[in-house]
Amino acid sequence: MDIKVDSKTVIVFDLDDTIYNELEFLRSAYIHIARQLDPEDWRKLYVLMFSLYRNKEDVFGMLSEQYGISKTRLIKDYREHIPNIVPFRGVVELLKEIRSKGGQTGILTDGREITQMNKIRALGIENLIDHIAISEVLGSEKPDLNNYKVFMDKYAVAKYCYIADNAKKDFVTPNSLGWKTIGLMDNGLNIHSNAYQYFSKEYLPQFFIQQISEIRII
C-alpha cells in the first residue's frame, strides 16, 4: 500500500510483533538464561524451557526449583538481557524512506523502559526513530489516550499513522482520533492471538498488510 509522506507526516510504529516477532525475544532470553545456568549443556536446557513455555507450564518455577535461583532474579535476567533479534524485512528501509521524505518516525510501545530500549538498540533502529514513547515512562498503557497524545502534542498540525498488530489495544484510540491505522497480519508467531474477540470496526485497523515491505512511501 502507498503512504504519502511530507514534512507534516508522523508515522508511529508499535514494537513487539510489528517491527520484529516478540517470540524471538523470548527465545533469546531463554538461551541467555540457559547458558548461564548450564554452560556445558545449555541447548538441552533451552529445549526443555521452550517446550514448557509452549505447553503453558511454569518455566521459571522449574528453573528456580532445579537450580536454586529465585524467580525474581530469573525475571530480571529475562527482562534486562541484551537480545539477539532482527527486524522484519523492509523495516529499516521503510524508516529511512519516511525520513528521506521529511516525515517523522516514532515508536509507541507498552513495556518497561530498559527492556524496550534494549530491543530497539539490538534491532539497530534507534537512530532512525525521532521519538520513542514507552508505557512505563508515560505511566499509562495503550489504548490510553495519553499515549497517543504524546505524538500529537509533540508534532502539532500533522497527519498521523499508526502501524501495529494487536486489535485489543492498538487501533481503537487512534481510530477515534482520526489517525490512519494499519494492521500487520499475524504471521503465526504473534504472542497475542485473540484478534477474533475484537473484530468490530472501532477495534480493527483501517487497512491490513501481510508484511511491512508492502508499504511504499510516495
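Tyr46 and Phe50 are four residues apart in helix α2 (residues 42-54), so about one helical turn separates them. Helices here are DSSP runs of H or I with at least four residues, strands are runs of E with at least two, and both are numbered from the N terminus. The two rings form a stacked aromatic pair, 5.9 Å centre to centre with 20° between the planes. Rings of Phe, Tyr and Trp (its six-membered ring) pair if their centres lie within 6.5 Å; planes under 30 degrees apart count as stacked, over 60 as edge-to-face and the rest as tilted. Both Tyr46 and Phe50 are buried, where buried means under 20% relative accessible area, exposed over 50% and partly exposed in between (1.4 Å probe, protein chains only).

The model is predicted: local features need pLDDT of at least 70 and side-chain atom pairs count only at pLDDT 80 or more, while totals for chains, interfaces and linings use all residues. Residues are numbered from 1 along each chain as its sequence is written, and side-chain values use heavy atoms, with hydrogens and water left out.

**Aromatic contacts**

The structure holds 12 aromatic pairs. One of them joins Tyr30 and Phe60 edge-to-face, at 6.4 Å centre to centre and 65° between the planes. This pair links distant parts of the chain, since Tyr30 sits in helix α1 and Phe60 in helix α3 (residues 59-67), 30 residues apart. Tyr30 and Phe60 are both buried. A single aromatic cluster takes in Phe25, Tyr30, Tyr46, Phe50, Tyr53, Phe60 and Tyr78.

Two rings carry a charge over the face. Arg35 lies over Trp42, 4.1 Å from the ring centre, and Lys119 lies over Phe25, 4.5 Å from the ring centre. The criterion is NZ of Lys or CZ of Arg within 6 Å of the ring centre and within 35 degrees of the ring normal.

**Pockets**

A pocket is an open set of points on a 1 Å grid over the protein atoms alone, where a 1.4 Å probe fits, with protein on both sides within 12 Å along at least five of seven lines; lining residues have an atom within 4 Å of a point. Points are joined across faces, edges and corners, and a volume is the space filled by probe spheres set on them.

The largest pocket has a volume of about 520 Å³. Its lining comprises 23 residues, of which Asp16, Glu22, Asp110, Gly111 and Lys119 are the closest to its centre. Helices α1 (22-37), α4 (71-80) and α6 (113-122) each supply at least two lining residues. The largest pocket lies between domain 1 (2-20 + 86-217) and domain 2 (23-80), because both give residues to its lining; the domain bounds come from an automatic or database domain assignment.

The second largest pocket has a volume of about 250 Å³. Of its 18 lining residues, Asp165, Leu184, Asp186, Ala195 and Phe208 are the closest to its centre.

**Two loop residues**

Ile215 is in the loop between β7 and β8 (216-217). At 9% relative accessibility, Ile215 counts as buried. Ile215 and Ile3 are 212 residues apart in sequence and 7.1 Å apart in space, C-alpha to C-alpha.

Glu202 lies in the loop between β6 (180-184) and β7 (207-209). Its relative accessible area is 43%, so Glu202 is partly exposed.
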